[in-house]
Amino acid sequence: MGVIWDAVVEAVQLIGSGAPYLFEIIFLSLRVSAIAVGIAMIVGIPTGYLLGVGRFFGRRLSLVVVNTGMGLPPVVAGLIVFMFLSRSGPLGDLRLLFSTPAMIIAQVLISTPLVTGVTAASIASVPLELRLQARSLGASWWQEAVLTIKEARRGVMAAVVAGFGGIISEVGAVMIVGGNIEHSTRVMTTAIVLEARKGNFGTALALGFILIGISFVINGLLTTLQQSGARYER
Amino acid sequence: MSDKTIPLILAESVCQKYRRRVVLDIDRFEVFEGETHALLGPSGAGKSTLLRIVGLLEKPDAGVVSIEGREVTHRSRSARMMMAAVFQKPYLFNGTVAENIGYGLKLRGVSVAERSRRVREIVGRVGLDDLINASALTLSGGEAQRVALARALVLDPRILLLDEPLSYLDPLIKRQLVADFSRILRDSGVTTVYVTHDQDEAMVVADRLSIMHEGRFVRTGGVDEVMGLPTNEWVADFIGMEAPIRGRIVGLKDDVAEIDCSSVAVHAITSLPIGTDVVVGVRPEDVTLFAADGLPASSARNILHCVVEAVEPRGATARVRMNAGGLHFAAAVSRASAQELQLEVGSAVVAVFKATAVRVGAAS
């Protein structure tokens, strides 16, 4: 128990001291994941809308691909990006490996299916009649899409939160493509692995607390959104 | 000014299939400016499908829809802008009553001030003044459906499409809203297609109606004509009448025709000439029953001695099926009357109905 208690005390002291090393890692983690989830939103929400409302050839296969992507192990995503960005890979000339953009690309690969899949499910739950109602009142396809996403906004927000939650806490992909380079690509999860291996349990635990805190906020938000529930009709 | 000879809505040779099953197959459907045309039929008759097709909300597998003589498709947004629809469920959007009602105006780029003025005006017409700023998701079913109607009417549409707008409401609210809807539609003069499976509702709101069955029209015409004169057994059963009565006009005196129906004389008002083979119908509600030994002093031209063939309880009323010398027809009587007359199979009664209550059509 002694080692655990010592680690807890050290972690609290570290967070309280505002150590620059700690906050550099936290901010990089948040920056990388925020940019990645932003890109995932730009790609995933329109795609999710089309998959949610569309009746086109290949829709079912597309949904299977997206749903499979939702369960893509981060380490596999990292491996794929690594192979593409490595010197001998098709995008090797971009020299992005072991950089922040490489980590962002890997996290986009992980979070986009999550945002797309959850968005598609929430859009599909908006009754067809509501879209017909909008159309019957003169809405163009674009206005109809905006209204539908607005009506499904709780589900769409949950998709974004799920996408963010899925990448802020992953370690496999960013470790492979980022390399865990100090002051460059070290993020919370890779730092926890490193500090734990070095025996610096206090630092690892401090980062762990913060990660749990962020996860708590995200899940609290998700739960609140799910509990509030959307009603489409009376 | 619109040309009254050209239907405002015309659908021709329209066919729609869902999973290879034909759900709609009609030759011609037309609605003229200012009329309320009800599509009446049981569930699965194709009423809502037809409404969505003429409302340009669904693409038919075959056929043509024209608005004011101009061919249009589900992509014709300008034609769609002439219409507004109210569905079974109101499907109100998140927001206030005012925001919901103003949604279509906002889509049309109407200014905030003008929008506000028109919304205030319409909430008065549908009786929602007190709820204008309430959240739309907190309304009762009846209030929500009024909002849905207001949301459509505020656009001042040329065509209003109503798809079973009252079917989910409880009977009390439904009765109130049927009367209100009828008044509002009449006052606004808007051309309306009204889908319903409720005959009473159709008879209150419609000028003309079409009865649909398995995706086809089985009867179209004026309300009294369609609801009073079945042309086949299915229609008769659906509208609550006995099978069509066939006969021939054998006499005409003071505008009252004498029709020989299975050797029983029935008197009716008709302009058809003597010798015409006809179909005759009388609605059960227009028939009054008396005890066989108590012949009434009545000015009614049709007084028939009948034998009761069946007594079927129908809620507050009973439907009495009778045979008058081979002529089969029915009467609707209150439960109290049924008890008083001691109606049972084999009872002898006298059925009385006026010549004006008898619908007559030329036999095809």
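The C-alpha centres of domain 1 and domain 2 of chain B lie 36 Å apart. Domain 1 of chain B covers 9-237, and domain 2 of chain B covers 243-362. Those bounds come from an automatic or database domain assignment.

A word on the model. It is predicted, so local features need pLDDT of at least 70 and side-chain atom pairs count only at pLDDT 80 or more, while totals for chains, interfaces and linings use all residues. Residues are numbered from 1 along each chain as its sequence is written, chains are lettered from A and ligands numbered from 1 in the order in which they are written, and side-chain values use heavy atoms, with hydrogens and water left out.

Domain 1 of chain B puts ten residues into the contact, and domain 2 of chain B puts in eleven. Contact here means heavy atoms within 4.5 Å.

How much area is buried between domain 1 of chain B and domain 2 of chain B? About 720 Å², with carbon and sulfur atoms giving 66% of that. Buried area is the accessible area (1.4 Å probe) that two parts lose on being put together, summed over both.

Across this domain interface in chain B, the rule finds zero salt bridges. A salt bridge is a side-chain nitrogen of Lys or Arg within 4 Å of a carboxyl oxygen of Asp or Glu. There is one residue pair in polar contact, both at pLDDT 80 or more. A polar contact is a pair of N or O atoms within 3.5 Å; within protein, one must be able to donate a hydrogen and the other to accept it, and residues adjacent in sequence count only if both atoms are side-chain atoms.

On the domain 1 side, helix 9 (223-228) and helix 10 (233-238) of chain B each supply at least two residues. Helix 9 of chain B gives the most, with three residues. Helices (H or I, at least four residues) and strands (E, at least two) are DSSP runs, numbered from the N terminus.

Next, the two chains. Chain A brings 20 residues to the contact, and chain B brings 29. The area buried between them is about 2,300 Å², and carbon and sulfur atoms give 54%. Salt bridges between chain A and chain B: zero. Residue pairs in polar contact between chain A and chain B: nine, both residues at pLDDT 80 or more.

Which helix gives the largest share of the side of chain A that touches chain B? Helix 6 of chain A, with seven residues. That side of chain A divides into eight nonpolar, five polar and seven charged residues. Here Ala, Val, Leu, Ile, Met, Phe, Trp, Tyr, Cys and Pro count as nonpolar, Asp, Glu, Lys and Arg as charged, and the others, Gly among them, as polar.

Now chain B as a whole. Its secondary structure comes to eleven helices and 20 strands. Its C-alpha atoms fill a box of roughly 70 × 45 × 40 Å, taken along the principal axes. Of the 364 residues in chain B, 52% are buried. Buried means under 20% relative accessible area, exposed over 50%, and partly exposed in between (1.4 Å probe, protein chains only).

Last, two single residues. Thr317(B) is in strand 17 (residues 317-324) of chain B. Thr317(B) counts as partly exposed because its relative accessibility is 34%. Leaving out residues up to four places away in sequence, Thr317(B) touches Glu312(B), Val333(B), Ser334(B) and Arg335(B).

Ser17(A) is in helix 1 (residues 2-17) of chain A. Is Ser17(A) buried or exposed? Exposed, because its relative accessible area is 51%.
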